[in-house]
Amino acid sequence: MKKGVLLAGALLGTVVLLALAISRLNNIAKPAMEPALFGRAQPLVLDAGHGGEDGGAVSITGVPESRFNLAIVLKLRDVLGMYGVDPILLREEDISLHNSSANTLREKKRSDLENRVSAIEEVEGGTLLSIHQNTYPSSRYHGTHVFYAPTQGSQDLAEHFQNSIKAALQADNERVAKQIPDTVYIMNHITCPAILIECGFLTNPEEEALLRDENYQRKLAAVVAGAWLTADK
Ligand SMILES: [Zn+2]
């Protein structure tokens, strides 16, 4: 009996020592900023479209697009964080990024877009992922649509995201990744690889309800994060 207790004590002591040694080794092996374990090692910039006075489109239940965009971007950051990816967020609150010298709504919008482009261009070797929501005059359209900037590497990336979303979330989505219209300021003024995800249609009752649902937002974020993690390096 006593022998058994002694043996158990010795074993426990060994386990504790081993655990301590391993945790010390881990601490030594870990650099301050861990590189991404999966996917691309380059920095990822997340742009939650609109914000502040610029709410973007309005959903059929009256929710501004900017709110959907931010909710999804914040969840995307959480999921990516679990995989060692620490994205750069252009905004983390419901704000516009305009200069204080901008007065009219038009000036503020312009200044906000210019500042976003500058912030993106400052990130060396970065990739932009811009999150938006779609609308249409009739309620019949639904489904995520991925657009690419006219910059190198963007089309392949957009196709990968569109395919990933179809495979993991929307089996009936027949949309094909498309080049962004030249009227979309940020996507036509950056020089890095960039995609814009129109997550869904705020004018379709079923999809709008899904997009308001935190669980669906989390699912969507997980799928988009998965696409980033599996993108070609
Ligand atoms: Zn938008």
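## A first look at the sheet and its helices

In strand β6, L196 is the bridge partner of F147. The model is a predicted one, where local features need pLDDT of at least 70 and side-chain atom pairs count only at pLDDT 80 or more, while totals for chains, interfaces and linings use all residues. Residues are numbered from 1 along each chain as its sequence is written. Helices (H or I, at least four residues) and strands (E, at least two) are DSSP runs, numbered from the N terminus.

Let us begin with the sheet. Six strands make up an open sheet of mixed pairing, in the order β2-β1-β3-β6-β4-β5. Its edge strands are β2 and β5 (178-179), each of which pairs on one side only. Helix α5 (residues 205-212) packs on this sheet and touches β3 and β6, and its direction makes about 115 degrees with that of β6. Here, two residues are in contact if their C-beta atoms, placed from the backbone, lie within 7 Å; axes are lines fitted to C-alpha atoms, for helices over the stretch in contact, and angles run from 0 to 180 degrees between N-to-C directions.

Three of the strand pairings are listed here; two strands pair if DSSP finds at least two bridges between them.

| Strands | Sense | Bridges |
|---|---|---|
| β1 and β3 (residues 127-134) | parallel | five |
| β1 and β2 (residues 88-89) | parallel | two |
| β4 (residues 145-148) and β6 (residues 194-201) | antiparallel | four |

Now for strand β1. A residue is buried if 20 or more other C-beta atoms lie within 10 Å of its own, exposed if 12 or fewer, and partly exposed in between, with C-beta atoms placed from the backbone. By that count, five of the five residues of β1 (residues 44-48) are buried. L44, L46 and A48 point one way, while V45 and D47 point the other way. In a regular strand, side chains alternate between the two faces of the sheet. Across from L46 stands L89 in β2, and A48 has I131 of β3 as its bridge partner.

Which residues of helix α3 are buried? They are K108, D112, R116 and I120. These residues lie on the same side of α3 because they cover an arc of only 100 degrees around the axis, taken from the directions from the helix axis to the C-beta atoms. On the other side of α3, R106 and S118 are exposed. The cover over the buried residues of α3 includes β1 and β3.

D78 counts as partly exposed because it has 13 C-beta neighbours inside 10 Å. D78 and A225 are 147 residues apart in sequence, with 9.5 Å between them in space, C-alpha to C-alpha.
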